Amino acid sequence: MPLSTHHHRESYILYDRARLSHPEQPILPPFGEAWLDPQAWVQRGLVTGTAPGRGASQFLSVDGNDWVLRPYRRGGMAAKISRMDYLWRGLENTRAFEEMRLTHYLFKQNLPVPAPVAALVVKHRMTYHAALMTERLPDSQALAERLTDMTPELLADVGATIRRFHDAGLDHVDLNARNLLVDANDRIWLIDFDRCRLRTPGRWQEANLARLKRSLFRFSPATAEHAFAAIMNGYRHIPSGS
């Protein structure tokens, strides 16, 4: 099913009707700026928890569906000017719409990504605020939290999973141990595709892996070298295109 769009005044949404029937439902906050207000979801009793990180993602439970709502927040020097404002360069060029379409494409390729639900953009003259909503992966932990108890076989699965994405052409510009998840069945997932893109083969694969290696040393210096070796073993031995 293709993605659908809806807008009201300066608020726009790109969504999957198989997961969100319509953005203007009584159970949801009023469509628009309220969707970007964490308290609007709390007041409706839809928040079941939050995740650490720059944007403090919210875990939502809506009509039996478990979702993650992640607002877009700037980091680094840009955050000193504004944490929420992004320059408007057209709706399809917003971070939220780009990530939604890319995640939807990866999901349709049967790659292990959370199912995308919706991307919301609210325009303010020459800037915009945005958020992305995806299905929540049940009983999953970040690789960063599992590094001390990961077996070589499971780490090899991490490498094999990364290779699948690379073979599909995904340049994940923030490949780190927090964006790789391990679920209760030891299946590996990849998340957070903000600013990522599809590319032909090149040196970007090495850059992705180097970034992952640095994050392993940041989260678990004592095990990082062995963990990365096991990951690379899985990465190198998966048949191309599998």
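My entries follow, from the whole chain down to single residues.

**Ground rules.** I am working from a predicted model, in which local features need pLDDT of at least 70 and side-chain atom pairs count only at pLDDT 80 or more, while totals for chains, interfaces and linings use all residues. I number residues from 1 along each chain as its sequence is written, and side-chain values use heavy atoms, with hydrogens and water left out.

**Whole chain.** I looked up the secondary structure and found 6 helices and 13 strands in the protein chain, where helices (H or I, at least four residues) and strands (E, at least two) are DSSP runs numbered from the N terminus. The radius of gyration is 18 Å, close to the 18 Å that the globule rule gives for 242 residues, so the protein chain is as compact as a globular protein of that length; the radius is taken over C-alpha atoms, and the rule is 2.2 Å times the number of residues to the power 0.38. I also noted that the C-alpha atoms fill a box of roughly 50 × 40 × 35 Å along the principal axes. Buried residues (under 20% relative accessible area, with exposed over 50% and partly exposed in between, using a 1.4 Å probe and protein chains only) make up 50% of the 242 residues.

**Helix α6.** I checked the length of α6 (residues 224–237): its 14 residues should span 20 Å at 1.5 Å a residue, and its end C-alpha atoms are 20 Å apart, which agrees; the expected span is 1.5 Å times one less than the number of residues. Its buried residues include Ala227, Phe228, Ile231 and Tyr235, and what covers the buried residues of α6 includes α4 (152–167) and α5 (204–219), judged by contact (heavy atoms within 4.5 Å).

**Helix α2.** I repeated the check on α2 (residues 95–108), where 14 residues should again span 20 Å and the end C-alpha atoms are 20 Å apart, which agrees. Among its buried residues I listed Phe97, Glu99, Met100, Thr103 and His104. Just after α2, Asn110 takes a positive phi of about 60 degrees.

**Positive phi in loops.** I found that Asp63, although not a glycine, has a positive phi of about 50 degrees; Asp63 sits in the loop between β4 (58–62) and β5 (65–71) and counts as exposed at 58% relative accessibility. Arg125 has a positive phi near 55 degrees, again in a residue other than glycine, and is found in the loop between β7 (116–124) and β8 (127–135), where Arg125 is exposed with a relative accessible area of 76%.
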